[in-house]
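Dear colleague,

Please find below the structure that I am handing over to you. My notes on its aromatic rings and nonpolar cores follow it.

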Amino acid sequence: MSKELHIPRGASAHGAYAVDIDPERAGWTRSSLRVLELAAGDTHVFDTADSEWIVLPLRGGCSVHTPDGVIRLQGRDSVFASVTDFAYVPRDARVQIASGAGGRFALAGAKCERRLPARHGPAPEVPVEERGSGVCARQVRNFAAADVFDCDRLIAVEVITPGGNWSSYPPHKHDEHRPGRESELEEIYYFEIDGPHGFGYHRVSPSREGGADVLAEVRTGDAVLVPDGWHGPSVAQPGHAMYYLNVMAGPGATREWRICFHPDHAEGYR
């Protein structure tokens with residue numbers, strides 16, 4: 001199962017996308033991730049179809065042309081440099097992304113029902129949370145958390161883990177619908193590591209018989225699918241900070257992020 005859930009860099013590449021994970025590829029119902037690489041002066045056109053999408057600059061800036069107008073994103077030098085602005089684009093639309101200087105852009109998506117208007121998410125409005133302490137300290141950028149930015153189904157956040165630290169800890173899960181306690185969400189982790197030879201490790205352990213079971217060495221451009229199970233820790237190599245983008249969506253009537261900590265590790269750093 002680990003070979004299916006750990007997707008090394010290039011393994012899902014398709015056309016203009018260095019990463020292309022849709023529900024069919026993942027074997028679930030809603031969550032998607034694409035990573036688009038554009039050379040200077042390039043453009044890319046795509047149809048959103050039955051999904052809502054957030055265009056998130058990983059490196060560089062771009063213009064996002066939507067039926068509701070043009071959204072210009074300043075972007076950033078790298079995921080380790082700063083928070084970035086982003087663009088939300090609705091389902092049932094044709095969208096063009098253009099970049100004068102080129103760059104790399106994540107498209108986080110979720111199949112949805114409502115068609116919301118295209119919008120700009122300014123970088124200064126992104127809540128930044130310092131979570132955990134000691135060797136479990138990390139920075140969470142809640143740009144499209146469920147209680148921060150309005151989407152129909154999509155939830156997305158970024159995490160920066162300093163070199164040598166653990167994040168996604170204690171192990172937690174969100175694979176059952178338990179009102180007020182836990183929500184059912186499919187999740188994609190997309191990783192980048194600071195430095196050309198950096199790496200990290202990511203663990204997913206079963207929460208049920210035959211469930212997801214992964215221990216993967218991850219490098220820049222890798223992804224890990226979490227259809228179910230306890231996920232965490234994510235461990236950064238000493239001297240090399242780890243970035244990951246979390247993309248989530250689920251079938252519940254309410255868009256919410258509710259998690260359950262592993263009972264054997266619930267007293268760990270949060």
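**Aromatic rings and nonpolar cores**

Arg119 places its charged end over the ring of Tyr88, at 4.5 Å from the ring centre. Please note that the model is a predicted one. Tyr88 also belongs to an aromatic cluster, which it forms with Phe86, Phe143 and Phe149. A further charge over a ring is found at Trp230, where Lys173 lies over the face, 5.7 Å from the ring centre.

In total, the structure holds nine aromatic pairs. One of them joins Tyr189 and Tyr244: the ring centres are 4.9 Å apart and the planes stand at 45 degrees, so this pair is tilted. Tyr189 is part of strand 16 (residues 186-193) and Tyr244 of strand 21 (residues 242-249), so the pair ties together parts that are 55 residues apart in sequence. Both tyrosines fall under the 20% limit for buried residues: the relative accessible area is 1% for Tyr189 and 2% for Tyr244.

In soluble globular proteins, nonpolar side chains tend to be buried together. Here, the largest nonpolar core has 51 residues, and Ile54, Leu56, Phe143 and Leu245 have the most contacts inside it. The element that gives the most to this core is strand 21, with six residues. Apart from this core lies another, of 17 residues, including Ile71, Ala87, Val95 and Ile97.

Leu245 deserves a separate look. Beyond its neighbours within four places in sequence, Leu245 has contacts with residues including Leu33, Leu56, Phe143, Ile188 and Tyr189.

With kind regards

Notes
Residues are numbered from 1 along each chain as its sequence is written. This is a predicted model: local features need pLDDT of at least 70, side-chain atom pairs count only at pLDDT 80 or more; totals for chains, interfaces and linings use all residues. Side-chain values use heavy atoms; hydrogens and water are left out. Rings of Phe, Tyr and Trp (its six-membered ring) pair if their centres lie within 6.5 Å; planes under 30 degrees apart count as stacked, over 60 as edge-to-face and the rest as tilted. Helices (H or I, at least four residues) and strands (E, at least two) are DSSP runs, numbered from the N terminus. Buried means under 20% relative accessible area, exposed over 50%, partly exposed in between (1.4 Å probe, protein chains only). A charge sits over a ring if NZ of Lys or CZ of Arg is within 6 Å of the ring centre and within 35 degrees of the ring normal. A nonpolar core is a set of buried Ala, Val, Leu, Ile, Met, Phe, Trp, Tyr and Cys residues joined through side-chain atoms within 4.5 Å. Contact means heavy atoms within 4.5 Å.
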